[in-house]
Amino acid sequence: LLQMCQSPGGAGGTVLGEAPDVLSMLGADKLGRLWRLQERLMAPQSSGGPCPPPTFPGCQGFFRDFILSASSFQFNQHLMDSLSLKIRELNGLALPQHEPSDEDGESDVDWQGERRQFAVVLLSLRLLAKFLGFVASLPYRGPEPPPTGELQDSILALRSQVPPVLDVRTLLQRGLQARRAVLTVPWLVEFLSFADHVVPLLDYYRDIFILLLRLHRSLVLSQESEGKMCFLNKLLLLAVLGWLFQIPTVPEDLFFLEEGPSDAFEVDTVAPEHGLDAAPVVDQQLLYTCCPYIGELRKLLALWVSGSSGRSGGFMRKITPTTTTGLGAQPSQTSQGLQARLAQAFFHNQPPSLRRTVEFVAERIGSNCVKHIKATLVADLVRQAESLLQEQLVTQGEEGGDPAQLLEILCSQLCPHGAQALALGREFCQRKSPGAVRALLPEETPAAVLSSAENIAVGLATEKACAWLSANITALIRREVKAAVSRTLRAQGPEPAARGERRGCSRACEHHAPLPSHLISEIKDVLSLAVGPRDPDEGVSPEHLEQLLGQLGQTLRCRQFLCPPAEQHLAKCSVELASLLVADQIPILGPPAQYRLERGQARRLLHMLLSLWKEDFQGPVPLQLLLSPRNVGLLADTRPREWDLLLFLLRELVEKGLMGRMEIEACLGSLHQAQWPGDFAEELATLSNLFLAEPPLPEPQLRACELVQPNRGTVLAQS
């Protein structure tokens, strides 16, 4: 059923595309077009008008006749169970959600596959629901309603006790609550279209019809806005609901009921930010497939225009709609139409996989082209904007300038260069598309077919990429330049009065310091070695650690690309590095006997960190983490335990004014509340008493055996 009725010719045409127009492809003369127009105007329409009765066109008629000829209760019951299960499965399928992006044009290039998946699911649901409604209504269906009121009441009392073949009311509830009405309502309409005259009078189905009627009234035909249902989604729902309400089995008094508090549900057409109703999943072709009359009307108008324009001596003139002029010269509509027909004729004689491959290559190359333009042309223009901005700041001196005026000056100079994007895009597509087609097609593909496929892929990719670039490149350059201007002005400082509180980059700085993101990654690599090297020979040299801290100082002094979150992250990483140095947990590269950092090297690195914390960091440094249970607990894994570096670091923090004695005393006091091994707790308590007793000599050398001596005076003397 799904394979035959969704194939070309199964329902009088293709599902996701119209059958190729052979006469127009072969170049029919004007007389032939007029003859077709006369035939169309005189012949009845294939769709049966705006409100045709439920029918089974094409291959669907075979399955309908099969069910009627079989006339088997067991087969019908099995078929209804299978159809119900498949409908539940497809209706609950997780479809891709629409996520708003700054690059709406680029995302639209990648949205075609998701839109096609939705169309396949929706059309399958409508087909399954049509046959489920047909089979379920067979025992009750009749040409006329019950002749008397008594007979109707008895039928209602009897059928109200029969459970529905599918709990469509619950599925409709869930669809509206999940904002998936664009998927649930069309197949529900197909199911209800086969209802007999009694079904709308049942309480169960009456609630459904009232809810659908309220949904139809609440839909407003207007352009979509953020957070609301898309225009074509609304149009599809209005078309299918309007068709359902015109079926003779739906009583007319249903439309004149007064709505009261007994209504089952509330209808809300405002979709959430990522609901399926807010996603552009319905295109014009899907609308024409679900509503054949609309597609028939479109064909009639197009044929009338083409026939009238071809009549010699006629007074009708074909008017071609035009759009706003893009950045580059656009090919004529005649040329584009000819190329499209030639490509369609080419694919008609080739396997379907060839067409899918070419379309896939065109979509991906077009998307990659946009990303390439952003990474090359737009990035170069942003660098030029930064240079021009620096020149403007030097020229204006300390007086500064209006940021909005600076932005307009830069955009007026750089935005015209966006015209290069079209030429670069065409060159990119011509360079990348043929190789991608050759890589995906079989090696046995004939050379002529391969060449034609490459040319078509180049044309489609160029069309997609240039269409997006022509519409969005100016806005993209303006947005990136605005971000660069804001970043540069923020690095320079908001105003001269505020530069004393938070220093910016000096005028003489050449901005050659490492990027904060790169430096954060480097420090994290060193910290990860302490957790566990990937192999025994992996480690870091003392020289590399000194170089890393030197680069950290350069980045902190050159604040061109340093924002407060990055500085806060660097501060935390530096504190973690100091904790590992104190606990001697960093694997050091060297001779076999030197896998531990020498005390002099460790002190030199700690001095560098202390200097950075005091002189270069402008934000708060979380020095309390040095005395956190996790970092102090690193010393518990060291054998033998040496506490001199921690004691040295605490005294330096006090001497440089980075931490107060009371603050350190509070941190040490909180450490005693943690669970430690017995010997470690004794050593930690002795260290705390030693720090608070009196200032020691400059370079203490404390061992674990010395910290557990009972006489504190002896310990002080040895220290």
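Helices (H or I, at least four residues) and strands (E, at least two) are DSSP runs, numbered from the N terminus. The model is predicted, with local features needing pLDDT of at least 70 and side-chain atom pairs pLDDT 80 or more, while totals for chains, interfaces and linings use all residues. Residues are numbered from 1 along each chain as its sequence is written, and side-chain values use heavy atoms, without hydrogens and water.

**Loop residues**

S71 lies in the loop between α4 (60-70) and α5. R179 sits in the loop between α9 (168-177) and α10. Buried stands for under 20% relative accessible area, exposed for over 50%, and partly exposed for values in between (1.4 Å probe, protein chains only).

| Residue | Phi | Relative accessibility |
|---|---|---|
| S71 | positive, about 50 degrees; not a glycine | 60%, exposed |
| R179 | positive, about 60 degrees; not a glycine | 18%, buried |

**Second largest pocket**

A pocket is an open set of points on a 1 Å grid over the protein atoms alone, where a 1.4 Å probe fits, with protein on both sides within 12 Å along at least five of seven lines; lining residues have an atom within 4 Å of a point. The volume is the space filled by probe spheres set on the points, which are joined across faces, edges and corners.

The second largest pocket has a volume of about 650 Å³. Its lining has 29 residues, of which A136, Y140, V162, P163 and V165 are the closest to the centre. Two or more lining residues come from each of α5 (73-91), α7 (112-137), α10 (181-192) and α11 (203-218). By class, the lining holds 19 nonpolar, seven polar and three charged residues. Here Ala, Val, Leu, Ile, Met, Phe, Trp, Tyr, Cys and Pro count as nonpolar, Asp, Glu, Lys and Arg as charged, and the others, Gly among them, as polar.
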